[in-house]
Amino acid sequence: MSDVAARPAPNLLAKGWVKSGLIFIAVVAAAILGAQFDDSGTLYKVFIDPFQQMVQAPDLLAQTIWEGLVSGVLYALIALGFVLIFKASGVFNFAQGIMVVFAALTLVGLYEKGVPAFLAVILTLGVMFVLAVTIERVVLRPLVNQPDIILFMATFGITYFLIGFGEALFGGSPKQMIADQLWLPKGAIDLKLFGGLVSLQKIDIAAAVIASIMIAALAAFFQYTRIGRALRAVADSHKAALSVGISLNQIWVIVWFTAGIVALITGIMWGARSDVSFALEIVALKALPVLILGGFTSIPGAIVGGLIIGIGEKMGEFYWGPLIGGGIESWLAYFIALGFLLFRPQGLFGDKIIERI
Amino acid sequence: MSIATLETPNTSAATDNILSLNNIEVIYDHVILVLKGVSLHVPRKGIVAILGANGAGKTTTLKAISNLLKAERGEVTKGSIVFEGERVDKMSPNELVRRGCIQVMEGRHCFGHLSIEENLLTGAFTRRDGNAAIKRDLEKIYELFPRLKQRRTSQAGYTSGGEQQMCAVGRAMMSKPKMILLDEPSMGLAPQIVEEIFEIVRRLNAEDGVSFLVAEQNTNMALRYATYGYIMETGRVVMDGEAAMLRENEDVKEFYLGVAEGNKKSFREVKSYKRRKRWLS
């Protein structure tokens, strides 16, 4: 019995790796052959030319990687919001994207109503807390023990409610993030690197630093505090958590509030780079390939996944994009995710499924 | 063990009982009637066993007390549950654990991705008496279960069934309970491990004065350690009495201990006999 159940998994994995290895070798062989015979052929352009460019202009490469890194950090932040809620309640929170927009809009809206910038941040945190409590009371509590898909649909409901509510309160037109008032740096630093100039936006540096601090704080919170341990326990088994006296309602409020804080910070950072509008919500869906890559249950996974997707996207766009007329950036992430689904469905760092048979 | 536990617990002395169920009825999903009026009493510092076959309602009874029923769409529709002189039928598991009544669920339910030590620490979630006290109790658990100390850093999902059961009991102990509802501690474990776990139960009962309500299919083992037993069948208590008395009872011997009297009966005869008995009780 147990043997039969245990056998297929390792076999499939082994086959998968063998298969991917064979494909890789075949591709490399074809590339070498193609390049040998044809200096302007397709294979040359795909496999040789981009790398030559990278070597010839390292400053451009550095610039591309840096830009990828920054958008990767922002993807990671959004993915982090998803992971938090998925871990603790097993719900894929479709509303995370709109929560980013809603938090940013609230912040800007409050500022426009004459509230000082930093007070507005605190008030926005308050609003996110109220939102967390409301969602727990109105949506999660009545739906407890329903199938996951129902909770997932409920987050759709939350999404459309927040879109409508946000538009009613703050209007639908894009707004300017109050970056100056929050003392976020402006301008760029130009670095002389590899005989060229690499320009780093200060706001990007700030985003990377703030994101790193927040991620470290969250990781410590999860690993070493009583509540963090309880959060992981709930993620593991709702029933067992209930039986040792962990209050699910309390945990859910904490988790949604934490996701709200992450959403606010993401909103500020993202808003400062472009502007605050509902279009951001679509960008937030980029978190999906990030999650597939990194694993739905892993905070380090969200970070590494975000960085890989961010850098991969920018590099793909810059070096390979022209080959097919550009526009790679919008779908490359999903393409990478698809590849991962084929060979490592739990993601890079996702929880291994422990099952005793 | 005091003499108090040797008296029949369901006579008058209500103040002596840490837990009383009075004629409770449980309905799942608004339609399925599972418990049809169960009454039982656990004396302070006693070990009481609920015995019975699959589907008799043992687990439901325990879950009705700990109120984990709500998470399974079950509901106590009649009767009352009194713990420490307080009605607890509408209380959340969280509040009950705070008051000192905790359940160890059937099938262990350790947190597979947490280490053994983290598992034990989650048991202290409801406590407010500071880290030093929690640390002290953790050491006590390790002293009780040396095996857990060896495996403190390994993920609970990768430990053996016996270790998981010890972990589950230890985790419950970390909440400083006055009473533990223990559901099928013997399930899927080697007889030796079962014995070890029941020895721990006895020790906790004697040293820390923790009361136990144990649901068991392993009638033999349960009646050796319990002082009082209830036998359930299809949602009713069909017999109860001192453990010693139950051990000697001919029917119990035949149905639950597997010791037949005289000539062997066929399965059919046993079944019909059982049915008659049920109508009588």
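User: Let's start with one residue. Is Ile328(A) buried or exposed, and why?
Analyst: Ile328(A) counts as buried, because it has 22 C-beta neighbours inside 10 Å. Keep in mind that this is a predicted model.

User: Where is Ile328(A) placed?
Analyst: Ile328(A) is in the loop between α15 and α16 of chain A.

User: Which residues is Ile328(A) in contact with, leaving aside its neighbours within four places in sequence?
Analyst: There are contacts from Ile328(A) to Gly316(A), Glu317(A), Trp320(A) and Gly321(A).

User: And how far apart in space are Ile328(A) and Gly305(A)?
Analyst: C-alpha to C-alpha, the two are 18 Å apart. In sequence, 23 residues separate Ile328(A) and Gly305(A).

User: Step back a bit. How many helices and strands does chain A have?
Analyst: Chain A has 16 helices and two strands.

User: What percentage of chain A counts as buried?
Analyst: 39% of its 357 residues. As for contacts in chain A with a separation of 6 or more, 73% are between residues 24 or more positions apart.

User: OK, at what angle do α14(A) and α16(A) cross?
Analyst: Roughly 25°, with the axes coming within 9 Å. That angle is under 35 degrees, so α14(A) is roughly parallel to α16(A). The crossing of α14(A) past α16(A) is left-handed. For orientation, α14(A) covers residues 287-294 and α16(A) covers residues 329-343.

User: Which residues meet there, between α14(A) and α16(A)?
Analyst: From α14(A), Pro289(A), Ile292(A) and Leu293(A). From α16(A), Ala333(A), Tyr334(A), Ile336(A), Ala337(A), Phe340(A) and Leu341(A). This contact has nine nonpolar residues, no polar and no charged.

User: How many residues of α14(A) are buried?
Analyst: Eight of its eight residues, so the helix is mostly covered. Among them are Ala287(A), Val290(A), Leu291(A) and Gly294(A).

User: What covers the buried residues of α14(A)?
Analyst: The cover includes α5 (58-89), α13 (280-284), α15 (299-320) and α16 of chain A.

User: What about just after α14(A)?
Analyst: Gly295(A) sits there, with a positive phi of about 100°.

User: Another pair, then. At what angle do α10(A) and α12(A) cross?
Analyst: Roughly 105°, and the axes come within 10 Å. Angles of 65 to 115 degrees count as roughly perpendicular, and therefore α10(A) and α12(A) are roughly perpendicular to each other. Here α10(A) is residues 226-236 and α12(A) is residues 248-273.

User: Which residues meet between α10(A) and α12(A)?
Analyst: α10(A) brings Ile227(A), Ala230(A), Leu231(A) and Val234(A). α12(A) brings Leu248(A), Ile251(A), Ile254(A) and Val255(A). This contact of α10(A) with α12(A) has eight nonpolar residues, no polar and no charged.

User: Switching to chain B. What's its secondary structure?
Analyst: Chain B comes to 11 helices and 10 strands. Of its 281 residues, 45% are buried. For contacts in chain B between residues at least 6 apart in sequence, 71% join residues at least 24 apart.

User: What's the strand order in the open sheet of four strands in chain B?
Analyst: β2-β1-β4-β5, with antiparallel pairing. The edge strands are β2 (32-43) and β5 (86-87) of chain B, and each pairs on one side only.

User: How many bridges join β1(B) to β2(B)?
Analyst: Nine. One facing pair is Leu19(B) opposite Val42(B). β1(B) and β2(B) form a hairpin with three residues between them. In that turn, Asp29(B) has a positive phi of about 55°.

User: And β4(B) to β5(B)?
Analyst: Two bridges, again antiparallel. Val82(B) has Arg87(B) in β5(B) as its bridge partner.

User: Last topic. How many residues of chain B are in contact with chain A?
Analyst: 27 residues of chain B, against 18 residues of chain A. On the chain B side, α2 (93-99), β6 (101-104) and α3 (116-122) each give two or more residues. The largest share, four residues, comes from α2(B).

User: How do the residues on that side of chain B divide?
Analyst: 11 nonpolar, 12 polar and four charged.

Methods. Residues are numbered from 1 along each chain as its sequence is written. Chains are lettered from A and ligands numbered from 1 in the order in which they are written. This is a predicted model: local features need pLDDT of at least 70, side-chain atom pairs count only at pLDDT 80 or more; totals for chains, interfaces and linings use all residues. Two residues are in contact if their C-beta atoms, placed from the backbone, lie within 7 Å. Ala, Val, Leu, Ile, Met, Phe, Trp, Tyr, Cys and Pro count as nonpolar, Asp, Glu, Lys and Arg as charged, and the others, Gly among them, as polar. Two strands pair if DSSP finds at least two bridges between them. A residue is buried if 20 or more other C-beta atoms lie within 10 Å of its own, exposed if 12 or fewer, and partly exposed in between; C-beta atoms are placed from the backbone. Axes are lines fitted to C-alpha atoms, for helices over the stretch in contact, and angles run from 0 to 180 degrees between N-to-C directions. Angles under 35 degrees count as roughly parallel, over 145 as roughly antiparallel, 65 to 115 as roughly perpendicular and the rest as oblique. A crossing is left-handed if the near helix is turned anticlockwise from the far one by less than a right angle, and right-handed if clockwise.
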